[in-house]
Amino acid sequence: RQRFRLRVGSEIRISEYTVMIRLASGGGEAVSTNQSFDNLFAQKPIYIDQAFLKWQGNESRWLTLAGGRMQNPFFRVYTTDIVFDDDLNPEGFAEMITLKPGGGTTVFINLGQFILDEDSSDNNDQWLFGQQVGATFVPGKDVTTTLAVGYYDATNVNKSTFSQNPCQYGNTENPVCPNAAGSTATPGVLLNDYNVVDLTVQATAKVAGMPLAIMGDYIQNLADPETAAGAATGDTGYQVGFILGKASDPQTWELAYFYKMVETDATLADLSDSDFGDGGINRKGHIIWVAYNPRKFLQGKVKYYMTEPETQLSPAGVGDADIDRLQVDLSVKF
């Protein structure tokens, strides 16, 4: 497919407040702003991608409050897309605390209360409550290490659907989730609860004068997920890898490799990376990319995914295929 994405926004500062507004292309999904060249040159829609208010007091720089449709407030590295797709903009409220006790150490606490779906006919609205605690250390010259632990509690998710577009494959549902690619079928209701612990680690250093970042995420759903027949389902996942170099300044490049494995009910599939496999979870495989910046504002990137199902689930074969995906991107930032 040939695709484009457009994101344009503004940051408006008013005293201690910041208003963030961003519009984006796409199909109205939570985890993608891609838009395909299609439909005989028909005009393409624009959506509200971000619209939130942020407060940070002049005398209390350690505290930040935000509300609206916002950028993800949790500390994230590339491997965190095992839980949250990079395009995800949660809706609700967030509180962020940053403390610097000295010695190059930074301690942070991030809290979020997000509305997944609002059901006006009952009191079973679906929410996601997130808590994350972490610290960054500088043990030596050009060496930085960050460790964070997050806990994400989704409520009432087995009482209704999210009314999502589309439904990403992986979680145990009733009926089985239709495949994400262009499906108009009604998503199924999740059979399980999701209380996800996420451990994130990143270490950065310089090797032969080049930046090197090694990172990983390990997740586990503590809610003891089961199938409709009462059999235990997969509840863990991990992603680990490295990025050598950094494509940012003119004539700079980077090379990356990652391996990801995420089981059936390790986390909410509809919030997870939409590019790995066909989107969602219950998949394992390799990710590799090379990127180059001829100019600071211009980047070319070639990325390749080699994936297979972690567990064969669907009787109809939906989501059970091996999927290898090649992406070639040209990006301009202004």
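Visitor: How many residues lie between β7 and β8 in their hairpin?

Guide: This is a predicted model. In it, 2 residues separate β7 from β8 in the hairpin. Look at the turn: Gly103 there has a positive phi of about 70 degrees.

Visitor: In which sense do β7 and β8 pair, and over how many bridges?

Guide: Strand β7 covers residues 91-102. It pairs with β8 in the antiparallel sense, over 9 bridges.

Visitor: How do side chains sit in a strand?

Guide: In a regular strand they alternate between the two faces of the sheet.

Visitor: Is Thr105 buried or exposed?

Guide: Start with the cut-off: buried means under 20% relative accessible area. Thr105 has 18% relative accessibility, so it counts as buried. Thr105 belongs to strand β8, residues 105-117. Leaving out residues up to four places away in sequence, Thr105 touches Leu99, Lys100, Thr136 and Phe137.

Visitor: Where does Ile46 lie?

Guide: Find the loop between β4 (35-36) and β5 (47-57); Ile46 is there. Ile46 counts as partly exposed because its relative accessibility is 45%.

Visitor: Which residues make the nonpolar surface patch?

Guide: Ile46 is one of them.

Terms used. Residues are numbered from 1 along each chain as its sequence is written. This is a predicted model: local features need pLDDT of at least 70, side-chain atom pairs count only at pLDDT 80 or more; totals for chains, interfaces and linings use all residues. Side-chain values use heavy atoms; hydrogens and water are left out. Patches are made of residues with over 30% relative accessible area and no salt bridge: like charges are joined within 9 Å, nonpolar side chains (Val, Leu, Ile, Met, Phe, Trp, Tyr) within 5 Å. Accessible areas come from the Shrake-Rupley method with a 1.4 Å probe; for residues, only the protein chains shown count as cover. A salt bridge is a side-chain nitrogen of Lys or Arg within 4 Å of a carboxyl oxygen of Asp or Glu. Helices (H or I, at least four residues) and strands (E, at least two) are DSSP runs, numbered from the N terminus. Buried means under 20% relative accessible area, exposed over 50%, partly exposed in between (1.4 Å probe, protein chains only). Contact means heavy atoms within 4.5 Å. Two strands pair if DSSP finds at least two bridges between them.
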